[in-house]
Amino acid sequence: MLTQRQLFLQHNAQTSPEPLMLEFVRAKGIYIYDAQDKKHIDLIAGIGVSNVGHCHPAVVKAIQNQAETYMHLMVYGEYVQTPQVNFAKALAEILPQSLSCTYFLNSGTEAVEGAMKLAKRYTGRKGFIACKNAYHGSTQGAESLMESDFYSVGYGPFLPHVSFIEHNNLADLEKITSDIAAVFIEPIQGEAGIRVADLSYMQALRAKCSETGTLLIFDEIQSGFGRSGKMFAFEHYQIVPDVLLLAKGIGGGMPIGAFISSLEIMSVLSHTPILGHMTTFGGHPVCCAAGLATLRTLVDDHIVEEVEEKGQLFKQLLKHPAIKEIRGKGLMLAVEFENFEVNKKIIDACILDGVLSDWFLHCSNSMRIAPPLIITKEEIKEACETILKNINLVAG
């Protein structure tokens, strides 16, 4: 009989020649368990997905209750479905008034695609600006917002009328003109290795977009829902984007994405022509129920209030000559080493030792630290002890 690993290689489409091939059977809280019931501290959280931990009881209960009530009824936007309405209302209650209207989708990439269409339709313009070393997704439109590099070679041509600026480069803001429909930016760049935008830069960007009538679109697919130490990363900058993109952590482990704007801006998708954007499974009732439970858990349990302190504890404990720098905000951190080879050896050693981490697409010499936000201080200390132990083994 073939093993699960052999079946995986034969029947599941592969994304790399050498997948990690880690086989896990269950997960709870900050831990993932393998077939031998060995537990691993999860410092990846599914790339910022499991913000309230794996299988949080409130999320599981919401999923079970909704699955027993109804699941898919109709394509998005035609029926009034209570889980969609309740989650959208709850989001509006914690967001600024100009971000009160939500379109639910299945993923972050789909949120990017929807926002691109929205920007072109609302402004009547064709051009986009995005940042170098950004990551916005893997569909053709989303990948058009990523400067051509190793990961996109062979998949073009991509959309025209897209230009790129350097994150945190004030001079580059002059590229934003009245021909640009929208600027897409991660306030904290994820796959670039956790690059945090400066306050002055973000405020100048907001001003430039307002001056030129360009929509400012914040991709908070990784940084949203508490990961940065605030519910939304834009709160660090005392500005509000015109469109907010969310996914990953908003579903408590279920697949859901969203783009959010004002009722005025979002209304253009509904007419001339109608059905300007469509999705069959976007806003799935079970996913929206999970999302609402996730949001309530973050708020009611005051989880976000402790995130910055927990991030600082990682920075305080991870001291070693081999560590060149630790970047980030809250529990969205990058630990930089000399090169990829050193980083990879440390990560592999940590995995064998029960701590899961990885590296970044555009910054392979840095280790990702993005655990579930519910991680305790004692668990942080345990994780850091394991990391430091393996840094010593690899780098001396």
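Hi everyone, let's start with charges: this structure holds 16 salt bridges, a salt bridge being a side-chain nitrogen of Lys or Arg within 4 Å of a carboxyl oxygen of Asp or Glu. Before I go on, a word on the source: this is a predicted model, where local features need pLDDT of at least 70 and side-chain atom pairs count only at pLDDT 80 or more, while totals for chains, interfaces and linings use all residues. Residues are numbered from 1 along each chain as its sequence is written, and side-chain values use heavy atoms, with hydrogens and water left out.

Take E23 and R5, which form a salt bridge with their closest N and O atoms 3.9 Å apart. This pair links distant parts of the chain, 18 residues apart: R5 is in helix α1 (4-11), and E23 is in the loop between α1 and β1 (24-28). Helices here are DSSP runs of H or I with at least four residues, strands are runs of E with at least two, and both are numbered from the N terminus. For the cut-offs, buried means under 20% relative accessible area, exposed means over 50%, and partly exposed is in between, with a 1.4 Å probe and protein chains only.

Next come R206 and D242, whose side chains meet in a salt bridge at 2.9 Å, N to O. R206 lies in helix α7 (residues 199-212) and D242 in the loop between β10 (215-219) and β11 (243-246), so this pair ties together parts that are 36 residues apart in sequence. R206 is buried, because its relative accessible area is 14%.

Then look at K389 and D353, another salt bridge, with the closest N and O atoms 2.9 Å apart. Here K389 is in helix α12 (residues 377-395) and D353 is in the loop between α11 (340-352) and β15 (355-356), so the pair links distant parts of the chain, 36 residues apart. K389 counts as partly exposed at 44% relative accessibility, and D353 is partly exposed with a relative accessible area of 30%. There is also a network of salt bridges that links E174, K208 and E211.

Now let's zoom out to the domains. The protein is divided into domain 1 (4-56 + 303-395) and domain 2 (57-301), with bounds that come from an automatic or database domain assignment. Their centres, taken over C-alpha atoms, are separated by 26 Å. In terms of contact, meaning heavy atoms within 4.5 Å, 32 residues of domain 1 meet 36 residues of domain 2.

How much area is buried between domain 1 and domain 2? It is about 3000 Å², and carbon and sulfur atoms give 61% of that. Buried area is the accessible area (1.4 Å probe) that two parts lose on being put together, summed over both. On the domain 1 side, H56, M332 and H362 supply 28% of the area buried against domain 2, more than any other three residues.

What about specific links across this boundary? The count between the two domains is 1 salt bridge. R368 and E191 also have side chains that meet in a salt bridge, at 3.1 Å, N to O. Polar contacts between domain 1 and domain 2 come to 15 residue pairs, both at pLDDT 80 or more. A polar contact is a pair of N or O atoms within 3.5 Å; within protein, one must be able to donate a hydrogen and the other to accept it, and residues adjacent in sequence count only if both atoms are side-chain atoms. Among the elements that each supply at least two residues of the domain 1 side are α10 (307-317) and β17 (363-369). The largest share, 4 residues, comes from β14.

H54 sits in the loop between α2 and α3 (57-69) and is buried, with a relative accessible area of 14%. Its side chain makes a polar contact with the side chain of D42 at 2.7 Å.

Finally, G127 lies in strand β5 (residues 127-131) and counts as buried at 8% relative accessibility. The C-alpha atoms of G127 and H161 are separated by 4.7 Å, although these residues are 34 apart along the chain. Thanks, everyone!
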